[in-house]
Amino acid sequence: MLKKYFAAAVAAAFSLASLAAHADTWPSKTIRFVVPFGPGGANDLVARYVAEAASRELGATIIVDNKPGAGSVLGSEIVARSAPDGYTFLAPAGGVITNAMIKKAMPYKEDDLVPVIMMAVSPSVIVVPADSPIKDLKGLVEASKKKGLNFSTAGTGSTPHFVAEMLKLKGGANLTIVPYKSGNEGVVAVMGKQVDATSEASPVVLPQIKGGKLRPLASTWNRRVAALQDIPTAEELGFKDLVIGHWAGLFAPKGTPVEILDKMNAAVNKALKNSELRAKLIPQGIDPQGGSREDFRRYLAAEKARLGPVAKAANMQAD
């Protein structure tokens, strides 16, 4: 029995030593950013732009691998079960923390994914058709109290769903949630007047706002969208705590050496300060973020504490 324990201890020590030695030479091959969504969305754009810029900082190729499915759970599970060698990272959105709130079972544990850095935020913008009689956010709530309004979302537990539930819980709005398969479909439904309003990521609605097809009522981030400075935040309009964004982060499998996590964090931070990268993101309504690994960990903990009660009060359950 003692021999077995000794052998296990030796193996563990050897494994740790191997990882430490590996961290010294990292990166020595292609790195993969797994995006748990299809191509073309806000998270996919951020991952591709950041991968390109960070690859220059690290001197290694970073590719983006789209693995959509199960509300981002499929791609997240792939990374959670990957070798913790610094060559596979996850580039998810808020679902990485909210899925556990609305699903009865998850195929991996929360701590199987380690936060590395917050890359960017695409603030959500509440919109109505351009010719809607609703002129502002208070008008939306008042109109909903009189006759009820339909509000499209990108599915249960999506950021638009949380915006709608916050409007109901904190603003007293009378909204019927109409789930679609994607944010793009939800926006098309607003423009086609199948529904009365939605809230979607700034890159999704920005072209339609500038094209005169949508009227923006408010953004839901903690500051105004850089590309839409004339649109007030919900908090500015008196809707306290109505703060949520379509964020894009980076995670690694549990057990990835700290040295590698720190190197990736530093590379992405440098990339996000690159003027060329910022010139690609900001005009699309995407705000670069950055910060330390601890900054990101604290943000995630605060979001879970804040959004958990909303999901429970709304009885959110996976579709």
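Me: What makes Glu 294 buried, exposed or partly exposed?
Reply: This is a predicted model, and in it Glu 294 has a relative accessible area of 34%. Buried means under 20% and exposed means over 50%. The value of 34% lies in between, so Glu 294 is partly exposed.

Me: Why is the pairing of Glu 294 and Arg 297 called a salt bridge?
Reply: Their side chains meet at 2.7 Å, N to O. The cut-off is a side-chain nitrogen of Lys or Arg within 4 Å of a carboxyl oxygen of Asp or Glu, so the pair qualifies. Both residues belong to helix H11, residues 293-313, and because they are three residues apart there, about one helical turn separates them. Arg 297 has a relative accessible area of 42% and is partly exposed.

Me: How do you know that Arg 298 and Glu 294 also form a salt bridge?
Reply: The distance for this pair is 3.6 Å, N to O. That is still within 4 Å, so the name applies here as well. Arg 298 and Glu 294 are four residues apart in helix H11, which again puts about one helical turn between them. Arg 298, at 45% relative accessibility, counts as partly exposed.

Me: What makes these residues one network?
Reply: Salt bridges with shared partners join Glu 294, Asp 295, Arg 297 and Arg 298. In the whole structure, a search finds 16 salt bridges.

Me: What do Arg 32 and Asp 65 tie together?
Reply: Their side chains meet in a salt bridge of 2.8 Å, N to O. Arg 32 is in strand S1 and Asp 65 is in strand S2, so the bridge ties together parts that lie 33 residues apart in sequence. Arg 32 has 22% relative accessibility.

Me: Which residues touch the most other members of the largest nonpolar core?
Reply: They are Ile 31, Phe 33, Phe 89, Met 119, Leu 250, Met 264 and Val 268, out of 35 residues in that core. The elements that each supply at least two of its residues include strand S1 (31-35), strand S4 (113-129), strand S9 (245-253) and helix H9 (258-272). A second, separate core has 28 residues, among them Leu 140, Met 166, Ala 173 and Leu 217. In soluble globular proteins, nonpolar side chains tend to be buried together.

Me: What does Phe 33 touch?
Reply: Leaving out residues up to four places away in sequence, Phe 33 touches Ala 47, Ala 51, Ile 62, Ile 63, Val 64, Asp 65, Phe 89, Leu 250 and Met 264.

Me: Why is Val 114 called buried?
Reply: Val 114 has a relative accessible area of 19%. The cut-off is under 20%, so Val 114 counts as buried. Val 114 lies in strand S4. With residues up to four places away in sequence not counted, Val 114 touches Leu 250, Phe 251, Ala 252, Pro 253, Lys 254 and Leu 261.

Me: How do you know whether Ser 76 is buried or exposed?
Reply: Ser 76, in helix H3, has 0% relative accessibility. This is under 20%, so Ser 76 counts as buried. Apart from neighbours within four places in sequence, its contacts are Pro 36, Leu 90, Val 96, Tyr 108 and Leu 113.

Me: What makes Ser 72 buried or exposed?
Reply: The value for Ser 72 is 3% relative accessibility. Not counting residues up to four places away in sequence, Ser 72 touches Pro 36, Phe 37, Gly 95, Val 96 and Asn 99.

Me: Which residues are closest to the centre of the largest pocket?
Reply: Of the 49 residues lining this pocket, the closest are Phe 37, Ala 154, Ser 158, Lys 181 and Gly 183. The pocket holds about 1,100 Å³ of space. Its lining divides into 21 nonpolar, 22 polar and six charged residues. H4 gives the largest share of the lining, five residues.

How values were computed:
Residues numbered from 1 in each chain as written. Predicted model: local features only at pLDDT ≥ 70, side-chain atom pairs only at ≥ 80, totals over all residues. Heavy atoms only, no water. Core = buried A, V, L, I, M, F, W, Y, C linked by side-chain atoms within 4.5 Å. Buried < 20%, exposed > 50% of the residue type's maximum accessible area, 1.4 Å probe, protein only. Contact = heavy atoms within 4.5 Å. 1 Å grid on protein atoms, 1.4 Å probe; cavity = no way out; pocket = protein on both sides within 12 Å on 5 of 7 lines; lining within 4 Å. Points joined across faces, edges and corners; volume = space filled by probe spheres on them. Nonpolar A, V, L, I, M, F, W, Y, C, P; charged D, E, K, R; others polar.
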